[in-house]
Amino acid sequence: MAKKFIDIMDTTFRDGFQSVFGGRVLMDDFFPAVEAAKHAGITHFEFGGGARFQSLYFYLQEDAFKMMDKFRSIVGPDANLQTLSRGINTVMLDTGSRELVDLHAKMFAKHGTTTIRNFDALNDVKNLEYSAQCIRNHGLKHEAVVTMMDLPPGCEGAHDVAFYEKTLRSILDSNLPFDSICFKDASGTANPNKIYETIKMARKLLGDDTHIRLHTHETAGVSVAAYLAALDAGANGIDLAASPVSGGTSQPDILTLLHATKGTKYDLGGLEVSKILTYEETLKDCLSDYMMPPEATQVSPLIPFSPMPGGALTANTQMMRDDNTLDKFPEVINAMQEVVEKGGFGTSVTPVSQFYWQQAYANVMFGPWKQIAPGYGKMVLGYFGDTPTAPDADIIKLASEKLKLEPTNENPLDLADKDPRKSLDAWKERLEIEGIAATEENIFIAAACEEKGIAFLKGESPLNIRKKSEQEEIKEEKGNNTMADGNYTVVVDGKKFSVQVAQGDVDIKVAPSAAPVAESAPAEVPSASGGTEVPASVNGNVWKILVKAGDKVEKGQVVAILEAMKMEIDIEAPCAGTIASINVAANDAVEEGQTLAVIS
C-alpha cells in the first residue's frame with residue numbers, strides 16, 4: 001500500500017533562526033544553506049514574517065523585502081514560500097489600521113510570498129476576517145490558524161478540544177476564505193493526546209479535502225509525540241527545522257522525524273536522509289561563527305507551568321543580555337503563570353506571549369503588579385479583541401487606572417483607523433520630513449517599525465549580532481585597557497556613579513546614581529548639588545525625554561520613558577520641583593539606578 005505523503009515545511013530560515021538566535025542571522029551568511037536545502041529536495045519554506053521581519057531592521061541593518069527577493073531567486077518560482085502574520089497585528093506587536101493590513105499583504109505578495117499563515121493570539125476570529133480577505137485579494141494562499149497551548153496546572157476555561165472546536169466553527173461560520181488550516185502551538189505545551197483529539201475533531205468537521213497542519217516546538221519535550229499524534233489523527237503537514245537550529249526552543253529536526261516515522265505509513269515529503277545530512281552540514285558551516293545561546297538547546301519540563309514560546313524565549317533572553325538582566329530570567333519565567341491566569345488565557349504566542357513576558361518582567365523588576373506593561377494592560381482592557389475568558393477584574397481595574405484607559409468592546413481595527421498616528425499618510429509625511437523616498441516598501445517599514453524603521457531608512461540603525469569572532473575582538477580591546485567615548489557606570493565606596501567619558505580636553509559630567517549597589521533606591525535621593533535625582537528603574541535605553549531644564553514638575557509626573565524588553569517604562573518624578581538638569585540623551589543606554597535628571 002502506498003504511503004501517505006506528508007508535506008514538510010522547513011522553518012529553519014524563519015522560526016528556526018527566531019527560536020535560536022532571536023532572528024539575528026545575516027542573509028549572506030545563510031543563503032548557501034538555502035541553496036543546499038533546495039538541492040536536498042525541500043520545496044516548502046517559511047522564509048519571513050513574524051518577528052523575523054522587525055529583527056532585520058532592529059538588529060541586522062538589512063531590508064526584509066530584499067532578503068525575501070533574494071531567497072525567491074535562489075529557490076526558484078515553484079517553491080511554496082510562506083510567511084507568518086498576526087492577523088490585525090501583521091508583523092507588529094500593535095494593531096495596524098486597515099490600510100496597513102492591506103499594504104502588508106500587497107508588499108509580501110510583491111516580494112515572493114506564496115502563502116501567509118495568519119493567526120490571532122486570542123483566537124478571536126473577528127481579528128482574522130479582514131486580513132484573510134486582503135491576503136486573498138492580493139493573490140496569496142491563506143492558511144487560517146487556531147492557536148494552541150496547555151493551560152498551567154489547575155487552570156481551566158479554555159484550550160481544550162471543545163474550545164478549539166468552537167474556534168474552528170467560528171472560522172467556518174465567518175466565511176473567511178482559507179486554503180488550509182493550521183493548529184499552531186508556539187510554546188510546545190499542548191499534550192499529544194489533546195492534539196490527537198483536536199486534529200481528529202478538525203478532520204471530521206472539515207472533511208477529507210482540507211489540508212490540516214500542526215506546528216509545534218520542542219521546548220517542553222513532547223514535540224515528536226505531538227507530531228506523531230497529529231499524523232495518526234489525519235494531519236497532512238508538519239513543520240520541521242534543520243540542525244543546528246532544530247530541537248530545543250525550535251521545531252524538531254527533519255532527520256529526527258524521518259527516524260521517528262520509519263516503518264510507518266507516512267512519507268515525509270519524499271526527503272532522503274543522505275541529502276538532508278549534506279544540507280545540515282552546510283547550514284552548520286554557515287552558522288559556525290554565531291554564538292549559540294545555551295537556553296536555545298534546552299528542553300524544559302517547567303515550560304507547561306509558564307508557557308513561553310520558543311520563538312520568543314531566546315529573543316527575550318538576548319534582550320536581557322543586552323540589558324544585563326539575564327540573571328532575572330528564572331524569576332520572570334516563574335512569574336508568568338500568574339500573569340497567564342489573570343490575563344484571560346490568550347495563547348502564549350506573539351504578541352500575547354510578549355505581553356505575558358513584559359508583565360512578568362515588570363512584576364519581577366518593580367514588584368508584583370506595581371506597574372502594568374502597556375501591551376498586557378491594553379489586552380485585558382479589550383483593545384486587541386476578546387480574550388478566551390474574562391481577565392481578572394482587579395487586573396482590569398488596575399490596568400485602567402495605570403494606563404488611563406477605559407475597557408472597550410470596540411473593534412480593534414476601528415480603533416486603529418481612528419488613530420491618526422497609524423495612518424499611511426502620517427508615515428508618508430514623516431518620510432518626506434526625513435528626506436526619505438515614500439515608496440510603499442518604505443511606508444510599510446516605517447509604519448511597522450516606527451522610530452527604528454526610520455533609523456534603518458536613514459542608515460542609522462545598529463548592527464547587533466553575536467559572533468564568536470567579534471567577541472574575541474571585544475576581549476582584545478578590553479585587554480588594551482582603553483575606554484571608548486560614552487556613558488559608563490563606575491562604583492566608588494559601594495556607590496554607583498554615572499560617568500561620561502570623552503577623549504581630549506573636554507568637559508565631562510559625573511553624577512552620583514540612585515543608591516549603593518547593595519541597596520534598593522529610596523523614593524528621593526539627594527544629589528551632590530542638593531537636588532533630588534530621578535533614577536532609571538531598570539537597565540534599558542532612553543526612548544523619550546518629556547521635560548527640559550527649567551520645567552516645573554509635579555510628584556508622579558512622567559519625565560522620561562525608557563525602553564526595555566520592547567516595553568515602554570515610565571519614569572516618574574519622585575518629588576515636585578524644577579528640573580535642574582537632564583543627565584542623558586535620547587537613545588542612551590542606561591543602567592538601573594543611573595541618574596536621568598535632577599530636580600531642585
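User: How many salt bridges does the count come to?

Analyst: Side chains of opposite charge can pair when their charged atoms come close. In this predicted model, the count comes to 29 salt bridges.

User: Which residue forms a salt bridge with R98?

Analyst: The partner of R98 is D414, and their closest N and O atoms lie 2.9 Å apart. This pair links distant parts of the chain, since R98 belongs to helix α5 (residues 98-110) and D414 to helix α17 (residues 412-418), 316 residues apart. R98 counts as partly exposed because its relative accessibility is 24%. D414, at 29% relative accessibility, is likewise classed as partly exposed.

User: Are D239 and R117 buried or exposed?

Analyst: Both D239 and R117 are buried. Their side chains meet in a salt bridge with an N to O distance of 2.7 Å. Here too the pair links distant parts of the chain: D239 is in strand β8 (residues 237-240) and R117 in strand β4 (residues 115-118), 122 residues apart.

User: Why is K548 classed as exposed?

Analyst: The relative accessible area of K548 is 55%, so K548 is exposed, as the class requires a value over 50%. The side chain of K548 meets that of D551 in a salt bridge, 3.3 Å from N to O. D551 is partly exposed, with a relative accessible area of 21%.

User: Which residues do salt bridges with shared partners join into one network?

Analyst: The network consists of D7, R117, E143, R213 and D239, joined by salt bridges that share partners.

Terms used:
Residues numbered from 1 in each chain as written. Predicted model: local features only at pLDDT ≥ 70, side-chain atom pairs only at ≥ 80, totals over all residues. Heavy atoms only, no water. Salt bridge = Lys/Arg side-chain N within 4 Å of Asp/Glu carboxyl O. Helix = DSSP H or I, 4+ residues; strand = E, 2+ residues; numbered from the N terminus. Buried < 20%, exposed > 50% of the residue type's maximum accessible area, 1.4 Å probe, protein only.
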